[in-house]
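Okay, thanks for coming, everyone.

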Amino acid sequence: MEKLNFNGRLVGPGEPPYFIAEIGSNHNGDMNLCKKMIDSAVECGADAVKFQSWSNKTLISKAEYERNTTYTDTNRHFGSLKEMVDKYQFTHDQHKEILNYCKEKNVDFMSSAFSPEEVDMLLEMNVPCIKLASMDVTHIPLLKYIGSKGCQVMLSTGMASMGEIETAVNTLKEAGSGPIALFHCISIYPPEYEDIHLNNMKTLEQAFDVPVGFSDHTIGSAVPLAAVALGACIIEKHFTTDKDMDGWDHWISADPSEMTVICKDGLNVWKALGSAARIVSEAEMEKRKKFRRRMVTTRAVKKGEVFKAVDFDFLRPGTGIGPEELEYAVGRTAAHDLADGDEVEWTNFA
C-alpha cells in the first residue's frame with residue numbers, strides 16, 4: 001500500500017493518525033476569525049487546517065440560487081443562498097493570506113477543490129494534497145483533471161456506492177494520480193449512530209489497497225476515536241471556536257475542548273493499539289515481583305519432615321518459589337526447621 005507524504009510526514013497504516021481541523025467555511029468570510037480558529041486548532045494538536053475552495057460560480061447553479069432566496073432557519077442563515085455564498089466564499093487573496101499564516105504557525109494548509117481553476121490555484125500554492133468532497137465522487141471530468149496533475153488526493157466517499165468509488169479511484173489512477181486516500185464518510189449532519197458503519201473502513205482498505213481515513217460529521221469525540229481504534233489513518237473533523245456562532249456548520253463542528261480530545265486521545269488510542277504479538281514489557285516483568293505470589297509454610301515444620309501440598313500456601317510478593325512450581329516441592333524433605341509462615345527457598349529442601 002502506498003502511503004501519502006504530507007510535507008515529510010508519512011500518512012498510512014503503521015503511522016500515527018493525521019488530524020485535520022476542517023474549518024471549511026466556518027471563517028464566515030472574516031479572516032481575523034479564521035486566524036483565531038487556526039491558532040486554536042494548533043493548540044488542540046491538529047496537524048492541518050482545511051478549507052473549501054469554491055466561489056459563487058463554481059458550486060451552485062443560478063437556478064438553485066433563484067430557488068433559495070430566503071431561509072426559515074435564521075439562527076444559522078441570513079439573507080439568501082447567494083448572499084451567504086458571496087460572503088463565505090474563500091477568495092484567491094484570502095487563500096494566500098491564510099496559507100502564509102499557516103506557514104507562520106507551522107500547520108499544514110489544505111483545501112477541497114471544486115473546479116479545475118481551484119485545483120490549479122491550490123497546486124500553485126504547493127498544498128500537500130488535493131481534497132475532493134463526497135459530492136464529486138461521480139464528477140469524472142474533475143477526477144480526470146486532478147488525476148492528470150499527478151498530485152496526492154484525498155477523496156471522501158459519502159453517498160457513494162462501492163461501484164461509484166471504484167470508478168472514481170480507477171479514474172484518478174488512469175489519469176496519473178499520485179497516492180490516494182479514501183475517507184469513509186456519511187453525508188448527514190449529524191448521522192444516526194447505526195448509519196455510520198465504521199467497519200466500512202476495512203472494506204475500503206481491502207477493496208482498494210489505499211490508506212483510509214474518516215471524515216466525521218457526528219457530534220462529539222467518541223466516533224472519531226473509535227475510527228482511530230479501527231485503523232483510520234486520517235481524521236477530518238469540522239472545527240469551530242464557538243458552536244453558537246452564525247453560519248452553516250458551527251453547530252455540528254467540534255469545539256476546542258472536543259478537538260483536543262480527538263487529537264490527543266486519538267494519538268493515545270493509536271499508541272495503545274500496539275502489536276498483535278504478545279509482549280510482556282520490562283515494566284510488567286518488574287511488577288511480577290510485587291504482584292505475584294511466592295511459597296510460604298502453613299505450619300511449623302521440623303528438620304527431616306516430608307512436605308505435603310497442604311504445608312504450603314502462596315502469598316505476595318512474587319520474589320521466590322511460585323505456585324506453578326508446587327509439584328517440585330511436594331515430597332521433598334525439610335533441610336532444617338521452619339516456622340509457620342516462613343518464606344520457602346529451594347535451600348530449605350534437603
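So, Cys 129: buried or exposed? Buried, with a relative accessibility of 1%. And keep in mind while we look around that this is a predicted model.

Now, how many disulfides does the structure hold? The count is 0. Take Cys 129 again: the closest cysteine sulfur belongs to Cys 151, and at 7.1 Å that is too far for a bond. The cut-off for a disulfide here is two sulfurs within 2.5 Å, so the 7.1 Å gap to Cys 151 rules it out. Then there's Cys 185, which is in no disulfide either; for that residue the nearest cysteine sulfur is the one in Cys 129, 15 Å away. Cys 185 also counts as buried, at 5% relative accessibility.

Okay, on to the prolines. Which residue does a cis peptide bond join to Pro 190? That's Tyr 189, and omega for the bond is about -5°. If you want to find Pro 190 on the screen, go to the loop between strand E8, residues 180-185, and H8. Pro 190 is partly exposed, and its relative accessible area is 31%.

What does Pro 190 touch, if you leave aside neighbours within four places in sequence? The list is His 217, Thr 218, Ile 219, Trp 251 and Ile 252.

Pro 317 sits in the segment that comes after strand E12, residues 312-315.

Let me turn to backbone angles. Asn 7 isn't a glycine, yet it has a positive phi, about 55°. You'll see Asn 7 in the loop that links strand E1 (4-6) with strand E2 (9-11). It's exposed, at 56% relative accessible area.

Asn 126 also has a positive phi without being a glycine, and there the value is near 60°. Where is Asn 126? Look in the loop between helix H5, residues 116-124, and strand E6, residues 130-132. Asn 126 is exposed as well, with a relative accessible area of 64%.

Helix H7 covers residues 162-175 and helix H8 covers 200-208; they pack at about 45°, and their axes are 12 Å apart. That angle makes H7 oblique to H8. As for handedness, the crossing of the two is right-handed.

Who's making the contact? From H7 we have Met 162, Ile 165, Glu 166, Val 169 and Lys 173. On the H8 side, the residues are Thr 203, Leu 204, Ala 207 and Phe 208. Sort the H7 and H8 contact by class and you get 6 nonpolar residues, 1 polar and 2 charged.

Technical notes: Residues numbered from 1 in each chain as written. Predicted model: local features only at pLDDT ≥ 70, side-chain atom pairs only at ≥ 80, totals over all residues. Heavy atoms only, no water. Axes fitted to C-alpha atoms, helices over the stretch in contact; angles between N-to-C directions. Helix = DSSP H or I, 4+ residues; strand = E, 2+ residues; numbered from the N terminus. Parallel < 35°, antiparallel > 145°, perpendicular 65-115°, else oblique. Left-handed = near helix turned anticlockwise from the far one by under 90°. Contact = heavy atoms within 4.5 Å. Nonpolar A, V, L, I, M, F, W, Y, C, P; charged D, E, K, R; others polar. Buried < 20%, exposed > 50% of the residue type's maximum accessible area, 1.4 Å probe, protein only.
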